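Visitor: I have a structure to go through with you. Can we start with what holds the middle together?

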Amino acid sequence: MTSLRGAGLAERGVAPDCVQTIELVRDVLTRVGDKWTLLTITVLAPGPLRFTALHEQVAGISQRMLSQTLRSLTRDGLVTRTAFPEVPPRVEYALTPLGRSLSDAVDELVRWVRGNQNDILRNRDEFDQAAPHL
């Protein structure tokens, strides 16, 4: 299903397959740019965890938000949910290969920030101290 924005692109002559790709990129960037997604992916990187352990390690997240985040990540194929037939029930969450590739990309972004943080902070200070801004 094409969004209103996608319909506008199509009206301007953008090929249907490009419209679909643009919409998917926007959707994925929205998901990946969410702080709970990034924190959950990072916490799952070392290996599978149960919901309670995840909740304890993702500081500040509510149980409801963690449930929603895990559901979205599972829907996108980034996380698997495995229910074990035990009493009491046990459910574990783990990164899929696709989720692991996202984790690797996040690690690379963190490395980039660490390598450039002094320049970024200096540029922010210079900008903030410059003449009045709009």
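Visitor: Which residues touch the most other members of the largest nonpolar core?
Guide: L44, L54, V58, L70, V79, Y93 and L102, out of 19 residues in that core. A nonpolar core here is a set of buried Ala, Val, Leu, Ile, Met, Phe, Trp, Tyr and Cys residues joined through side-chain atoms within 4.5 Å. Buried means under 20% relative accessible area (1.4 Å probe, protein chains only). This is a predicted model: local features need pLDDT of at least 70, side-chain atom pairs count only at pLDDT 80 or more, and totals for chains, interfaces and linings use all residues. Residues are numbered from 1 along each chain as its sequence is written, and side-chain values use heavy atoms, without hydrogens or water.

Visitor: Which elements give two or more residues to this core?
Guide: Helix 3 (35-44), helix 5 (63-75), strand 3 (90-95) and helix 6. Helices (H or I, at least four residues) and strands (E, at least two) are DSSP runs, numbered from the N terminus. Helix 3 gives the largest share, four residues.

Visitor: What does V79 touch?
Guide: Leaving out residues up to four places away in sequence, V79 touches L44, L70, L73, T74, Y93, A94, L95 and T96. Contact means heavy atoms within 4.5 Å.

Visitor: Now T96. Where is T96, and is T96 buried or exposed?
Guide: T96 sits in the loop between strand 3 and helix 6. T96 is buried, at 11% relative accessible area.

Visitor: Which backbone oxygen lies 2.5 Å from a polar atom of its side chain?
Guide: That of G77. T96 also touches L78, V79 and T80, with residues up to four places away in sequence not counted.

Notes. Buried < 20%, exposed > 50% of the residue type's maximum accessible area, 1.4 Å probe, protein only. Polar contact = N/O pair within 3.5 Å; in protein donor to acceptor, adjacent residues only side chain to side chain.
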